[in-house]
Amino acid sequence: MIVREGAVEIETISSFEKGPGSVSPGFYNRLMEASRDFSVALLKTMKPGIALDSMAGTGIRGLRIAKETGWNVVLNDRDPRNTDIEKRNSALNSLEVEIMGEDYFCAVSSRKWDYIDVDPFGTPSGLLEAAIMNLKNNGIIGVTMTDTANLEGKSLDKGIRIYGSRSIHGIYSREISTRIFVKYVMERGASLGRAGKPLLAVRDGHFIRVFVKFRKGNKIADDSLGELRAAEVEGKAVGPLYMGKLYDTEVINKMEDFPFSENSRRLFANFRNEDLMFLFFSNSNDRREIKKSTIIEKLKEKSYKAGSTNFNEKGIKSNCDRDEYTKILKSL
Ligand SMILES: C[S@@+](CC[C@H](N)C(=O)[O-])C[C@H]1O[C@@H](n2cnc3c(N)ncnc32)[C@H](O)[C@@H]1O
């Protein structure tokens, strides 16, 4: 089957449009389009360098990067059935990219990279140090985790074991899980004397994807840990988690004109709101739900910044303080 995404067409053996699927070669997952859109859009904002798609599957992410951004791309997958598909997909798109059929660790350590994409099934636990060590200075990691249940679902104890932080159930879990995952990625860098700077984070469907830039230096690596802290949420201790800015404004500004898919455009529209505050306000007052757009409009009328969040359908982000927000809500 041939599918089209972004500027490429690719051959797949199996695909699905809804829900997590089987782990088979040539597998294409439409639900991860947003994750790929943001890799491509991000690299398009930067001076082209060399990128490794370390777990490439059909090669769709790396091929999109090659076609849509002008970066040099190397595709890698340890399954030879996938490397065959990657070869056919490169030819289908008239692209000449290097294709490796190595284990992840061999591929990442084969040279120094400006960008490494790490896209495993489940958790990237155990994979990130090798990638970070083989980045050039100021290189970027794009990494996915799909074991969100360990930070949001029934297995929070497993989340503590894997990610080293306590998460929480409930309306804030998607933001807490994202911030714990960012912390996890930054900590891996700090242990190697690299300071991580988050560029953007996506929480959608069953995955979290973050992009973090790493700069070498023990002192700045020490300083980067200052933003990894514990917090109290709904009377419970959570964390440690990343409490700093999740989005780099300059990068977001440059991504504005990217031809995003409809879902990615919806997610992108909220990126500017996410750093207005830690967590978000709810739209209900004494169990009375007020239309989100009415509240946002009122906040803006009072010269506050306000908008929706990707972390909760009913949540509102604003730079208004909590007391003032409660007053406004009561007045509606
Ligand atoms: C989630 S899929 C990648 C999907 C792909 N990046 C995309 O956007 O469609 C994970 C891939 O990693 C490959 N893989 C798993 N473990 C690996 C390892 N240790 N070294 C190299 N490839 C590996 C699998 O064969 C599989 O194709």
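Mentor: Contact here requires two C-beta atoms, placed from the backbone, within 7 Å. Helices (H or I, at least four residues) and strands (E, at least two) are DSSP runs, numbered from the N terminus. This is a predicted model, in which local features need pLDDT of at least 70 and side-chain atom pairs count only at pLDDT 80 or more, while totals for chains, interfaces and linings use all residues. Residue numbers start from 1 along each chain as its sequence is written.

Helix α13 covers residues 322-331, and its buried residues (20 or more other C-beta atoms within 10 Å of their own) are Tyr325, Ile328 and Leu329. These residues lie on the same side of α13 because they cover an arc of only 100° around the axis, taken from the directions from the helix axis to the C-beta atoms. An α-helix has 3.6 residues a turn, so residues three or four places apart point the same way. On the face turned away from the buried side, α13 carries Asp323, Lys327, Lys330 and Ser331, which are exposed (12 or fewer such atoms).

Now to the wider setting. The protein is divided into domain 1 (2-271) and domain 2 (276-331), with bounds from an automatic or database domain assignment. Nine residues from domain 1 and eight residues from domain 2 make up the contact. On the side of domain 1 that touches domain 2, the elements giving two or more residues are α8 (173-190), β10 (194-204) and α11 (262-274). The residues of that side divide into four nonpolar, one polar and four charged. Ala, Val, Leu, Ile, Met, Phe, Trp, Tyr, Cys and Pro count as nonpolar, Asp, Glu, Lys and Arg as charged, and the others, Gly among them, as polar. The C-alpha centres of the two domains are 30 Å apart.

β10 and β11 pair in the antiparallel sense over ten bridges; pairing requires at least two bridges found by DSSP. Glycine 196 has phenylalanine 214 in β11 as its bridge partner. The two strands form a hairpin with two residues between them, and glycine 205 in the turn has a positive phi of about 50°. Strand β11 (residues 207-216) is mostly covered, with seven of its ten residues buried. Strand β9 (residues 135-145) also runs antiparallel to β11, joined by seven bridges, and threonine 144 stands opposite arginine 209 in β11.
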